[in-house]
Amino acid sequence: MLEARLTQGSYLKKCVEAMKDFVTECNFDCTAEGISAQAMDTSHVSLVFLLLRAGGFDPYRCDRTMTLGLQISTLSKILKCGSNDDIVTIKAEDNADTVQFIFETPNQEKVSDYEIKLMDIDAEHLGIPDQEYEAIIQMPSAELQRICRDLTQIGDSVNIACTKDGVRFSCTGGLGVGNITLRQNTAVDKEEDQVCIELNEPVTQTYALRFLNFFTKATPLSSTVTLSICKEVPLVLEYKMENLGHIRFYLAPKIEDEDSTQQNSAE
């Protein structure tokens, strides 16, 4: 059976909130090492990978490998039944057709439990190859969310250009042009306020703002976000959750050609 108790249940809720706008259903793979999930959007432009390590739960028990197929919108609704400070326990029997979510208040005075029917989801599990990136940017997650939200007022694509001078986010639309430049800044007191750029070579790529705005809903998970950029391969946004794990979003770059702008596939 599976029994996974998460004292900071809000982590799970925030992960699902960040997934629900572009992923409809998802397989959660449970092993002795923890719980992981991988899913693509219907257009195969973006992919999300979630890892929740066993060590981040207290306790964690998974007697045999099992897959929990869940509709993300349903899971989101159930998780909203718990408060942000609730302890969340996930329970499932071997070969069960339901999974149970139990919410406990920190003082144990209220306990709620819900069962969700499992789905048989036929989803291809994609191998994500190791990749050397031309630029890796660590920056405040709230800053990235603000930049994506602001540039959406101008257009629907953002051009990210990373050089030794800094990283520039540019957007062109019917209203005009927007440019936001962040310079490397590792001298600030708080690590979460730093902008740190690891540059192998200058790189410029264009991405759909619609998906970036979906991804940045994960901002409450971590004060910092890491962007990994390489020419002609998907952008990676990673939010780390202390000792629990991480959530990563992959987004294929847009290809500019003479006639139109089209989206690559993340596959």
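Author: In this predicted model, helices and strands are DSSP runs, of at least four residues (H or I) and at least two residues (E) respectively, and they are numbered from the N terminus.

Reader: With that numbering, where is the place of Asp 189?

Author: Asp 189 belongs to the loop that links β13 (176–182) to β14 (196–199).

Reader: Is Asp 189 buried or exposed?

Author: A residue counts as exposed when its relative accessible area is over 50%. Asp 189 has 80% and is therefore exposed.

Reader: What of Ile 197: buried or exposed?

Author: Buried residues have under 20% relative accessible area. Ile 197, a residue of strand β14, has 12%, so it is buried.

Reader: Which residues is Ile 197 in contact with, leaving aside neighbours within four places in sequence?

Author: The contacts of Ile 197 beyond those neighbours are Ile 136, Ile 137, Cys 162, Gly 166, Val 167 and Gln 184. Ile 136 lies 61 residues away in sequence, yet the C-alpha atoms of Ile 136 and Ile 197 are 5.8 Å apart.

Reader: Which residues does a cis peptide bond join?

Author: The bond lies between Asp 58 and Pro 59, with omega about 0°. Pro 59 sits in the loop between β4 (46–53) and β5 (60–62).

Terms used
Residues are numbered from 1 along each chain as its sequence is written. This is a predicted model: local features need pLDDT of at least 70, side-chain atom pairs count only at pLDDT 80 or more; totals for chains, interfaces and linings use all residues. Side-chain values use heavy atoms; hydrogens and water are left out. Buried means under 20% relative accessible area, exposed over 50%, partly exposed in between (1.4 Å probe, protein chains only). Contact means heavy atoms within 4.5 Å.
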